[in-house]
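This briefing goes through one structure topic by topic, for a reader who has the sequence and the coordinates at hand.

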Amino acid sequence: MTVSLLGTACLGLGAVAALVATAGWVARARDARRQPPRSATYALAVAALAACLTLEWALLSRDFSVRYVAEHGGRDVPLYYTITSLWSALEGSLLLWLLGLGAVVVLALRHPPTTEPRLHPPAMAVLTATAAFFFGLVLFAGNPFDAVEPVPQDGPGPNPLLRSHPAMGVHPPLLYAGYVGLAVPFAYAIAALVTGRTGAAWARVVRNWTLLGWAALTAGIAVGAWWSYAVLGWGGYWAWDPVENASLLPWLTATALLHSLLARRRGGLGVWALSLAAATFSLVILGTFLTRSGVVGSVHAFTQSGIGPPLLVFLAATTVGWLALLALRGDRLAGPGPDPTRDSRGDWRSRLLSRRSGLVGNNLLLTAVAATVLVGTVFPTVQQMVSGTEVTVGPAYYNQALAPLALAVLALMAIGPLLAWPGEPPGRLARRAVPSAIGACVVAGLVGLTGSHGPSVVVVCGLAAFVASTLVRAMAARLAGGGPAGAWRAVRRHRRTLGALVAHLAVAVAAVAVVVSGADPPAEQREVAVDSTATLRGVTVRLLGLESRVTEGQEAATARLEVRSEGRSLGRVSPTLTLFPDHGMVVATPAIDTGLTRDVYITLLAADPQAGTALLRVSVNSLIGVLWLAAGLLLVGTGLAAWPRRISVTSRVGNAEAAPRPLLKEVDP
Amino acid sequence: MAGGLRRTPVALRRAVPGLLAIAALLLFAAGLTRAVLVGSGPTDEDARVRAIAATVRCPECIGESAADSQAPTARGIRETIREQVRAGREPDEIRRWFVDRYGPGILLEPPARGLGLLLWWLPVAFVPLALAALAVTRWARRRTAGSAVRDTARAPESSAVQPGRPARGALVLAAAVAVALTVGIVMAGRGTGDRPAGPAAATTGDTELDVLSAAARSAPDEVGPWLSLGRALEHRGRLAEAAQAYERAVRLDPKDSPAAFRLAFAYARSGQAERARPLLQEILARDARHTEALLLLGMLQHEAGQPEASETLRRFLEVAAEHPAAAAVRRLLEGDR
């Protein structure tokens, strides 16, 4: 009872603090002499933290008088998954969202754009208003702290899928960190529209926050893919499920935004970059709405509740708000400054083949991909509303529709590093591309002539080789000369560029892994009796025994297998099939023998201990390990580009505490 | 070696990169040709069935194709496809056969008709249309920039604040989005209300039921499809029909306790307690510690005023003291005393 009151009080105080802070920041934006509402801003973050801690306490102390614990807690849930229960259902995950937003609000408060202070108050007002909305949403549409009467003895525990893999503690928080991080570029987009200022300071603060949110989102998506691969037992890592798409959409537009900011520094793409920053957050809210309102059917829609309509109103208000501001104030923004590197005397063909055109192309292609995924995701819902017929948009559609766009992105990545900022005549560009093109043709030809690959694998391998060769040449050009010491100096000097090149290389490697693994032969399945042997997809499995175990709330069957592949023993593995009768769910946890170039993936589909037979599915998946490595490389490159520059001691002595400093210092002049 | 190269004619040395490029292109062409030939070779029946099943949705699952799923309906679909492939029908004909029976939602690919056209044309047309729009706006801007004051373009970054005409295009876009979202809100508000009432909900239900009952009829000797059909009917409150489906399942495998319990539960919910009780006693004869059967039987006996009720419920409490319903049962027993 007291815990219920405490939690609700935290939420109420948080909502009040957020409203007060919003009012204060609006006042400060109108009149610079007003004091910034620092205490109220800190208070909302503290309230969010306190609410999360209260719910964690209720979960850990098994206080079933609290509704969330009664519905999603359980006595038999281990400590780790009790902690992660906070975000295993809707109401708790909204609290996690609030906690992240609180952290972001504090960080944004402490790191204003130094050279353009007028952008800060309106941006803070947008962030605190967003926090106020989410406090209200938790309070009125799904308060997890409601008291339950009578108090139940035990709860059902979280959804079985959400307590079967340690990634539960990493994947949702990373995604949420990405989502709330991308709220800041949106806030600064509104601030730019309100104040009419988009300068270098605007681009810098938006870039830093976008990189932060983008990196978290990338890591979250990668961990989610790995989790899906390691637990769900269907052998894949991406199913074009609506919820997966919802996380991909802001990732795509944020990627486009990062590139458009690059072009912006050389003049241009100002209003466009601003629109991308705002649209990214709209897509974050749209994704939250789609996945949490039950509008779309999905494997991730774990809980449904009444938060759909308020979220949709919020989505409409923010989206219409920024579009209307853009319409009314868009032309007050500083237009693109003249590009100092642009040679206006050059003919149109040279101007077309410039780095800037490459970035515009990147933005067009990524926006096209995002538009395709968006339409594909909402299409079944819209079709159902319009004509009442049920339509499915499955992986086959996305693979077909996105293949040409993905190839174009790869091709653009291949020639991107060769393009010069001012542009150059086609002949000169072609001559510089010839060595890489020859290498690409050789690689593609060899891939086609060896093994039995399809045309898509051949083309993608060739393009990826092209990308890798131009990237490596670009890296070498920056690192060459000066020996090891000189190279180290060059790394420090060109850190951002090198980081971007590493990230691009990772994308090319990932493209190869995706296409090659996608062309793998399908899994093979067969019923195997105890003490007998079967060979499926070239893998020989011997069923040593079957065990079934019935424990509280679950029935598990495990097959003990001895596995041999290509004359080599892979040892003993035990894939498991678990039935959770209370949840009506079956989880087939696969046994995976992981290798760099191929995984042996064995799933137990059905087990009959009485008859002593097991239905096994075996597949050999190529290059999945390489895909995870590529994700890691992508994050390494991002970290290299985003890491704050070491702040030199001499310049900061004295006012280290007084002056607020930008979140991530710039390296480039 | 270097001397030898220096002595080669200049023309030949110039031709080296070109020759290399031609050789590389030939290698690429050979590799691609082989890849295309490998891909288009004859395929066996399994591969063809799989290719078709991969484009058909498993109606019982979320986001899984009939090729991947282990659900009874998916197995039924695979068998149907195999029969039709053996009968020499084309993949498109087979897909149409499923669409005729289950509606377009059975295919994982959206149809290229009506609204679906947007889905297929958008990825193709997006980039050309955007490029055209970009070219038109640049052309328009250059024309106005030629005559009017060079306004914002020359101003230093981050300072130019000039009141001006609102961008009408963006305003129209904002209005359009506002209208679309309002419609969406209204629709979503209707959708989240009483689900079974809406016509859309009714059609969804029918499609799923059609598929499930077709699956059950196509494999009448399998328990799984009948159970799935029964559960779907029960979910929709059609208890009498659900009981019939469960009866089929129990007749196929009288020892299947889950099926028998579902049947007993459906009987109990549709007011046929007298049929539910013997069934529950059978289940308990096989498994005396079947918690849910003890609870249901005890409650039914209690309602009928039978004296065995307290004994059954006490056994339930022994087996499942921590059960969510245990507290209520205890109160019930105390009230009786």
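In this predicted model, helix α7 of chain A is largely enclosed by the rest of the structure, because eight of its eleven residues are buried. The buried residues of α7(A) are A:His171, A:Pro172, A:Leu175, A:Tyr176, A:Gly178, A:Tyr179, A:Val180 and A:Gly181.

**Buried positions and contacts across the sequence**

- A:Phe145 sits in the loop between α6 and α7 of chain A, and with a relative accessibility of 1% A:Phe145 counts as buried, because that value falls under the 20% cut-off.
- Although A:Phe145 and A:Leu6 are separated by 139 residues in sequence, their C-alpha atoms are 8.5 Å apart in space.
- A:Phe289 is placed in helix α11 of chain A, which covers residues 270-292, and A:Phe289 is likewise buried, its relative accessible area being 6%.
- Between A:Phe289 and A:Pro309, which are 20 residues apart along the chain, the C-alpha separation is 8.6 Å.

**Aromatic pairs**

- Over all chains, a search of the whole structure finds 19 aromatic pairs.
- One of these joins A:Tyr237 and A:Trp628, whose ring centres are 6.2 Å apart and whose planes stand at 80°, so the pair is classed as edge-to-face.
- This pair links distant parts of the chain, 391 residues apart, since A:Tyr237 belongs to the loop between α9 (200-231) and α10 (242-265) of chain A, while A:Trp628 belongs to helix α20 (residues 624-642) of chain A.
- The two partners fall into separate accessibility classes: A:Tyr237 is buried at a relative accessible area of 16%, whereas A:Trp628 is partly exposed at 23%.
- Another edge-to-face pair is made by A:Trp238 and A:Trp240, with ring centres 6.0 Å apart and planes at 85°, and A:Trp240 is buried, with a relative accessible area of 16%.

**Salt bridges**

- The count of salt bridges over all chains comes to 19.
- A:Arg33 and A:Asp31 meet through their side chains in a salt bridge with an N to O distance of 3.1 Å; A:Arg33 is exposed, with a relative accessible area of 72%, while A:Asp31 is partly exposed at 23% relative accessibility.
- A second salt bridge, at 3.5 Å from N to O, brings together the side chains of A:Arg67 and A:Asp146.
- Because A:Arg67 lies in helix α3 (residues 67-72) of chain A and A:Asp146 in the loop between α6 (120-141) and α7 (171-181) of chain A, this pair ties together parts that are 79 residues apart in sequence.
- A:Asp146 itself counts as partly exposed, at 35% relative accessibility.
- In chain B, the side chains of B:Arg275 and B:Glu247 form a salt bridge at 3.9 Å, N to O.
- This bridge ties together parts that are 28 residues apart in sequence, because B:Arg275 is in helix α12 (residues 273-286) of chain B and B:Glu247 is in helix α10 (residues 239-252) of chain B.
- B:Arg275 is partly exposed, with a relative accessible area of 42%.
- Salt bridges with shared partners also connect A:Arg67, A:Glu71, A:Glu91 and A:Asp146 into one network.

**Surface patches**

- A nonpolar patch on the surface is formed by A:Val382, A:Met385, A:Val386, B:Leu115 and B:Leu118, which together have about 410 Å² of accessible area.
- Helix α14 (residues 355-387) of chain A gives the most to the nonpolar patch, contributing three residues.
- A:Met385 lies in helix α14 of chain A, and A:Met385 is partly exposed, with a relative accessible area of 36%.
- A negative surface patch is made up of A:Glu552, A:Asp582, B:Glu292 and B:Glu322.

Definitions and conventions: Residues are numbered from 1 along each chain as its sequence is written. Chains are lettered from A and ligands numbered from 1 in the order in which they are written. This is a predicted model: local features need pLDDT of at least 70, side-chain atom pairs count only at pLDDT 80 or more; totals for chains, interfaces and linings use all residues. Side-chain values use heavy atoms; hydrogens and water are left out. Patches are made of residues with over 30% relative accessible area and no salt bridge: like charges are joined within 9 Å, nonpolar side chains (Val, Leu, Ile, Met, Phe, Trp, Tyr) within 5 Å. Accessible areas come from the Shrake-Rupley method with a 1.4 Å probe; for residues, only the protein chains shown count as cover. A salt bridge is a side-chain nitrogen of Lys or Arg within 4 Å of a carboxyl oxygen of Asp or Glu. Lys and Arg count as positive and Asp and Glu as negative; His and the chain ends are not counted. The place of a charge is taken as NZ of Lys, CZ of Arg, CG of Asp or CD of Glu. Rings of Phe, Tyr and Trp (its six-membered ring) pair if their centres lie within 6.5 Å; planes under 30 degrees apart count as stacked, over 60 as edge-to-face and the rest as tilted. Helices (H or I, at least four residues) and strands (E, at least two) are DSSP runs, numbered from the N terminus. Buried means under 20% relative accessible area, exposed over 50%, partly exposed in between (1.4 Å probe, protein chains only).
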